[in-house]
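Q: I am new to this structure. Please pick one part, look at it closely, and then show me how its surroundings are laid out.

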Amino acid sequence: MPKTAVKLGTIQETLLVPLWARARESEEAQPVLHDPKSREILASLDYDFSPLDGARASQLGCCVRGAQVDRWVRAFLNDFPEGTVIELGVGLNSRFERVDNGRARWFELDLPDAMDLRRQFFEDTDRRTLISGSALDDDWLAQVRAESRGPWFIASEGVLVYFHPEEVRALFARMADALPGGLFAYDSMTPLVLRHQRRHDAMRYFEAEFTWSVSNAREVEFWDDRYQILDARSFYSMLYAHPRRLPAYYRYLGPLLGAVYPPLKRAYHVNLMRLG
Ligand SMILES: C[S@@+](CC[C@H](N)C(=O)[O-])C[C@H]1O[C@@H](n2cnc3c(N)ncnc32)[C@H](O)[C@@H]1O
């Protein structure tokens with residue numbers, strides 16, 4: 001079988017990192033997230049993933065984040081089995097395969113070249129709609145409103161960090177207007193991470209740059225009275241819940257650095273917000 005070519009823009013190419021992480025994680029003895037579909041996709045792509053071989057912290061980081069969002073989506077579907085799940089910047093994520101309950105409505109959005117690649121591995125069904133477009137346009141909001149009743153859960157992992165601050169604020173406001181009461185899972189980093197992003201064990205191999213940060217994960221609540229953060233998990237605690245999975249450098253130096261410089265522990269969060 002010929003392998004699938006990968007032709008993606010600079011930011012879109014970053015979708016290969018969480019894909020690689022989920023596939024590798026699924027080969028661990030005790031994976032934090034099990035995802036056979038990611039293994040299948042990784043094996044069929046014509047792409048050299050070898051530079052990522054040493055990126056153990058990113059492997060675990062992407063997967064603890066994905067597993068946390070999976071738990072939030074499962075809890076949402078438990079409360080609202082026929083609710084609507086929307087994934088913005090879905091990349092090659094197979095959350096539907098991991099979490100779907102057979103009754104929910106799903107929308108999966110990404111930029112055109114990323115969506116073309118996604119369509120090689122996933123297809124539309126009566127409950128699942130793949131959308132080619134930008135999260136920063138209004139078209140997807142109009143389509144979701146026209147084709148679903150809600151309540152809505154919007155997930156966007158590793159996406160907002162590539163937007164500009166004014167784009168992130170406008171996106172929150174447009175979602176709160178169009179999908180009132182919706183839940184929104186997203187990750188946020190402090191300026192500390194932006195300053196040191198070229199040392200990131202995976203991102204150092206990619207050209208894309210993180211451009212959005214907040215000094216405190218909860219400051220987003222002050223943007224609008226409608227926003228309420230229901231949960232915020234720090235990557236630091238999620239990573240160090242699995243110390244044996246981390247390279248020695250992280251395992252021993254991380255807690256030491258975290259003790260002398262606490263902002264490190266608050267540098268990166270995955271958040272669950274209620275919009276309106
Ligand atoms: C780091 S990847 C994360 C992919 C996926 N969320 C996951 O966890 O596997 C970032 C994703 O955001 C997408 N993206 C970037 N800008 C976007 C935009 N304006 N609208 C929709 N998707 C976008 C990229 O194409 C890419 O798929």
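A: Helices here are DSSP runs of H or I with at least four residues, strands are DSSP runs of E with at least two, and both are numbered from the N terminus. The model is a predicted one.

Helix H6 covers residues 139–147 and strand S6 covers 152–156, and Pro151 sits in the loop between them. The peptide bond leading from Gly150 into Pro151 is cis. Its omega is near -5 degrees.

Now the close look: helix H2. This helix runs over residues 36–44 and packs with helix H1, residues 16–25. The angle between the two is about 115 degrees. Their axes lie 8 Å apart. The crossing of H1 past H2 is left-handed.

Which residues make this contact? From H1 come Leu19, Trp20, Arg22 and Ala23. From H2 come Ser38, Arg39, Ile41 and Leu42. Sorted by type, the residues of this contact are five nonpolar, one polar and two charged.

Next, the buried side of H2. Its buried residues are Lys37, Ser38, Ile41 and Leu42. Viewed down the axis of H2, they fall within an arc of 135 degrees, so they line one face of the helix. An α-helix has 3.6 residues a turn, so residues three or four places apart point the same way. The buried residues of H2 have several packing partners: H1, strand S2 (45–46) and helix H4 (95–99). The face of H2 turned away from the buried side carries Glu40 and Ala43, both exposed.

The ligand is surrounded by 23 residues. The closest are Leu15, Pro18, Gly89, Gly91 and Gly158. Which elements supply at least two residues each to this shell? They are H1 and strand S4 (105–110). H1 gives the most, with three residues. By type, the shell holds 14 nonpolar residues, seven polar and two charged.

Start with Gly54. This residue lies between S2 and helix H3 (56–79). Is Gly54 buried or exposed? Gly54 has 12 C-beta neighbours inside 10 Å, so it counts as exposed. Gly54 and His34 are 20 residues apart along the chain, and their C-alpha atoms are separated by 20 Å.

Asp137 is in the loop between strand S5 (128–132) and H6. Asp137 is exposed because 11 other C-beta atoms lie within 10 Å. Leu171 is 34 residues away from Asp137 along the chain, with 8.7 Å between the two C-alpha atoms.

Ala208 has 16 other C-beta atoms within 10 Å, so it is partly exposed. Which residues does Ala208 touch, leaving aside its neighbours within four places in sequence? Its contacts are Thr10, Ile11, Glu13, Thr14 and Tyr162. Arg118 is 90 residues from Ala208 along the chain, and the C-alpha atoms of the pair are separated by 20 Å.

H2 has its buried residues on one face. Glu40 and Ala43 are exposed on the face turned away. H1 is among the elements that the buried residues of H2 pack against, and H1 also gives three residues to the shell around the ligand.

Key. Residues numbered from 1 in each chain as written. Predicted model: local features only at pLDDT ≥ 70, side-chain atom pairs only at ≥ 80, totals over all residues. Axes fitted to C-alpha atoms, helices over the stretch in contact; angles between N-to-C directions. Left-handed = near helix turned anticlockwise from the far one by under 90°. Contact = placed C-beta atoms within 7 Å. Nonpolar A, V, L, I, M, F, W, Y, C, P; charged D, E, K, R; others polar. Near = placed C-beta within 6 Å. Buried ≥ 20, exposed ≤ 12 C-beta atoms within 10 Å, placed from the backbone. Arc of directions from axis to C-beta.
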